Amino acid sequence: MSIAETAESPGAAAAPRKAVTLARLADMHARGEKIAMLTAYDATFAAVADAAGIDCLLVGDSLGMVCQGLDSTVGVSLDAMRHHTDSVARGLRRVRGGAWLVADLPFGSYQASREQALRSATALMQAGAQMVKLEGGGWTAETVRFLTERGIPVCGHLGLTPQTVHALGGYRVQGRDEASAVRLREDARALQDAGAAMLVLEMVPAALAGTVTAELAHCATIGIGAGRGTSGQVLVMHDMLGIHLGRPPKFVRNFMAGAGSIEDALRAYVFAVKDGSFPDDGMHAW
Ligand code: KIV
């Protein structure tokens with residue numbers, strides 16, 4: 001399928017996909033239906049992912065590594081995030097796509113004050129995002145509340161928070177010891193209480209991710225390298241297509257292996273997330 005076929009051929013995409021909304025996500029969460037999320041950075045991949053039935057697309061600041069060749073997300077600017085969010089949103093509009101669109105607030109665009117966060121979030125929402133994601137624990141709760149009270153849906157991000165890789169001392173598993181596990185659970189509850197509707201849990205032990213998920217009544221957890229007990233999964237799209245500059249993280253499965261097309265690979269990912277066969281127990285070493 002090409003964008004042109006879907007957008008322009010009569011009959012190619014006869015019925016536009018029913019849009020994923022915040023209410024639908026909440027309903028999926030309540031019913032225990034797994035949420036399938038992937039990153040996207042451009043219009044074409046966004047359209048293909050949408051056709052494959054992905055629930056949520058994330059314009060991740062991982063675009064710093066994937067698209068810009070940076071070695072961390074620290075150097076990603078708000079302008080770059082706005083540019084890629086705009087492209088992804090345009091791709092979704094062209095195919096009358098229905099995926100829920102989340103965009104990352106990049107490093108330095110929300111830490112200074114609630115007002116700075118509101119300005120940055122506004123720029124991404126005006127580019128087409130429907131939700132913004134920000135990294136960090138309890139200290140972000142005040143910002144999350146400020147944004148959600150002003151009509152901006154927010155996704156939190158705990159565990160390995162790549163924007164603070166230098167403070168964390170590398171891309172390491174988080175929440176391994178009792179004290180940090182307790183802190184992570186408290187942070188998760190604080191973010192939910194502040195209004196976060198979604199929470200990415202990156203590289204935390206599967207048991208801890210499962211406990212956090214069970215403790216949150218109305219905030220869906222989306223795991224990456226966090227086992228299968230979360231409400232959904234997210235991967236960097238290039239990783240799961242087997243395209244990467246370095247070694248892929250251990251928890252990634254190459255869905256392109258054996259697939260006839262990229263759309264088939266993405267469809268297989270959606271299927272595997274929904275039926276719980278991704279990730280399998282051996283997908284992480286912690
Ligand atoms: O930037 C990103 O792609 C992310 C996901 C890996 C969760 O934050």
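How many nonpolar, polar and charged residues does the lining of the second largest pocket have? The structure is a predicted model, in which local features need pLDDT of at least 70 and side-chain atom pairs count only at pLDDT 80 or more, while totals for chains, interfaces and linings use all residues. Residues are numbered from 1 along each chain as its sequence is written, and side-chain values use heavy atoms, with hydrogens and water left out.

By class, this lining has six nonpolar, eleven polar and five charged residues; here Ala, Val, Leu, Ile, Met, Phe, Trp, Tyr, Cys and Pro count as nonpolar, Asp, Glu, Lys and Arg as charged, and the others, Gly among them, as polar. The largest share, four residues, comes from helix H9.

Helix H9 (178–194) returns in the packing of helix H10, whose buried residues also pack against strand S6 (198–202) and strand S7 (220–224). Helices (H or I, at least four residues) and strands (E, at least two) are DSSP runs, numbered from the N terminus. Within H10 (residues 206–215), Leu208, Ala209, Val212 and Thr213 are buried. Seen down the axis of H10, these residues fall within an arc of 135 degrees, so they line one face of the helix; the arc is that of the directions from the helix axis to the C-beta atoms. The face turned away from this buried side carries the exposed residues Ala207 and Ala214. Buried means under 20% relative accessible area, exposed over 50%, and partly exposed in between (1.4 Å probe, protein chains only).

Met198 is in contact (heavy atoms within 4.5 Å) with residues including Trp100 and Ile222.

Methods: Lists of a residue's contacts leave out its neighbours within four places in sequence.
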